[in-house]
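This briefing covers one protein chain. Please look over the sequence and the model before reading the notes.

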Amino acid sequence: METAEQNTKQFMEENDVLKQFMELLNQQNMGEQSQDFMELFKYAAGMQLQLAVMVDELQGVRQQLSQLQENQPKSVKDNLMDRVAHLQEKITNLSERLLAVKDHLVETAAQAVNAFKEKGKAEMCKVLQKGISGVKSVLSDYRERLVDVMTDYEKTANQIDSIGDELKQIGNSVSNVGRLLSGKGTKEVSDEKPGVALTRLINKPIKKTVENLRKNIDAADRAFEKLDRLSDRLDAGKEAEKGRVSVKEKLSEMKAKADQQKKAPEPDKAKGKGKEECL
């Protein structure tokens, strides 16, 4: 219960920070940057939920593995159990890396708001650029681990398929000895036979996850594109701000020059005044 309360409190705090940050960006006419940033946060949060589902599915696979027939070699069964447990551990590590991405985004938002309050928009953009660089680094590490996990899943799926093929072959050999002895022809063992069917059933969520992981790698690549786009937009905004400052400075200079000219005496009047004094 305490953990649930802590999670709820953290969720509310993150929402408050992000809401304040989004409102600030929109006030500063940075709606596109606001949208890019929020999409990145939603990506990280959504992926965390998907990883939690993967962990649950792997737990189901472990339960199914424990139901393998007694005539299944113990070493094979134990090896598969170890591999699935290893996958669970890797998915958990992935979730932790993704949490680091999400935390980094929230921290960047909080720092950007403080920077704006203390030093203004230019400083806020500097903080955002620095934060984006940090997010890229963490996301890059996450993507590498994602590819590694997908490779492990593929190996496990191939291994389970091989075991199913072996079980089917063993079934063929045993049943066909009797058929051959009785003068009947050989017959293929169905995939629905116990053991064979179970391996196919076990492998279904594994293969499904491989496809999901491929999609997640593509999603990570799209997240990188969003980070680059956000960075470019911040740079463009900075240049536009510089341009506006330059125009203001130019106008100020022109106004100052005009004021100076107004204060200076006109040449003809100055000459006339001199002649009158002489007379």
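What share of the 279 residues in the protein is buried? Buried residues make up 33% of them, where buried means under 20% relative accessible area, exposed over 50% and partly exposed in between (1.4 Å probe, protein chains only). The model is predicted, and local features need pLDDT of at least 70, side-chain atom pairs count only at pLDDT 80 or more, and totals for chains, interfaces and linings use all residues. Residues are numbered from 1 along each chain as its sequence is written, and side-chain values use heavy atoms, with hydrogens and water left out.

**Overall layout**

- The protein has 6 helices and 0 strands; helices (H or I, at least four residues) and strands (E, at least two) are DSSP runs, numbered from the N terminus.
- Along the sequence the pattern reads α-α-α-α-α-α.
- Of the contacts with a separation of 6 or more, 80% are between residues 24 or more positions apart; contact means heavy atoms within 4.5 Å.
- The accessible surface is about 17500 Å², and carbon and sulfur atoms hold 52% of that surface (Shrake-Rupley method with a 1.4 Å probe; for residues, only the protein chains shown count as cover).

**Nonpolar core**

- The largest nonpolar core holds 57 residues, and those touching the most other members are F21, F37, Y43, L51, I91, Y142 and Y153.
- Such a core is a set of buried Ala, Val, Leu, Ile, Met, Phe, Trp, Tyr and Cys residues joined through side-chain atoms within 4.5 Å.
- Two or more residues each come from α1 (2–27), α2 (31–65), α3, α4 (121–181) and α5 (196–263).
- Helix α4 gives the largest share, 16 residues.
- In soluble globular proteins, nonpolar side chains tend to be buried together.
- Leaving out residues up to four places away in sequence, Y43 is in contact with L139, Y142, N216, A219, A220 and A223.

**Aromatic pair**

- The whole structure contains 1 aromatic pair; rings of Phe, Tyr and Trp (its six-membered ring) pair if their centres lie within 6.5 Å, and planes under 30 degrees apart count as stacked, over 60 as edge-to-face and the rest as tilted.
- The pair is F21 with F37, and it is edge-to-face because the ring centres are 4.9 Å apart and the planes are at 65 degrees.
- F21 is in helix α1 and F37 in helix α2, so the pair ties together parts 16 residues apart in sequence.
- F21 is buried at 0% relative accessibility, and F37 is buried at 2%.

**Residues of helix α3**

- T108 is in helix α3 (residues 74–119) and is buried, with a relative accessible area of 4%.
- Apart from neighbours within four places in sequence, T108 contacts F37, V127, L128 and G131.
- V106 is also in helix α3 and is buried, at a relative accessible area of 12%.
- Not counting residues up to four places away in sequence, V106 touches E14, V17 and F41.

- D152 lies in helix α4 and counts as buried because its relative accessibility is 10%.
- The side chains of D152 and H86 are joined by a polar contact of 3.2 Å, that is, a pair of N or O atoms within 3.5 Å; within protein, one must be able to donate a hydrogen and the other to accept it, and residues adjacent in sequence count only if both atoms are side-chain atoms.
- Beyond four places in sequence, D152 touches R83, H86, L87 and K90.

**Loop residue**

- N29 is in the loop between α1 and α2 and is exposed, at 72% relative accessibility.
- N29 is not a glycine, yet has a positive phi of about 60 degrees.
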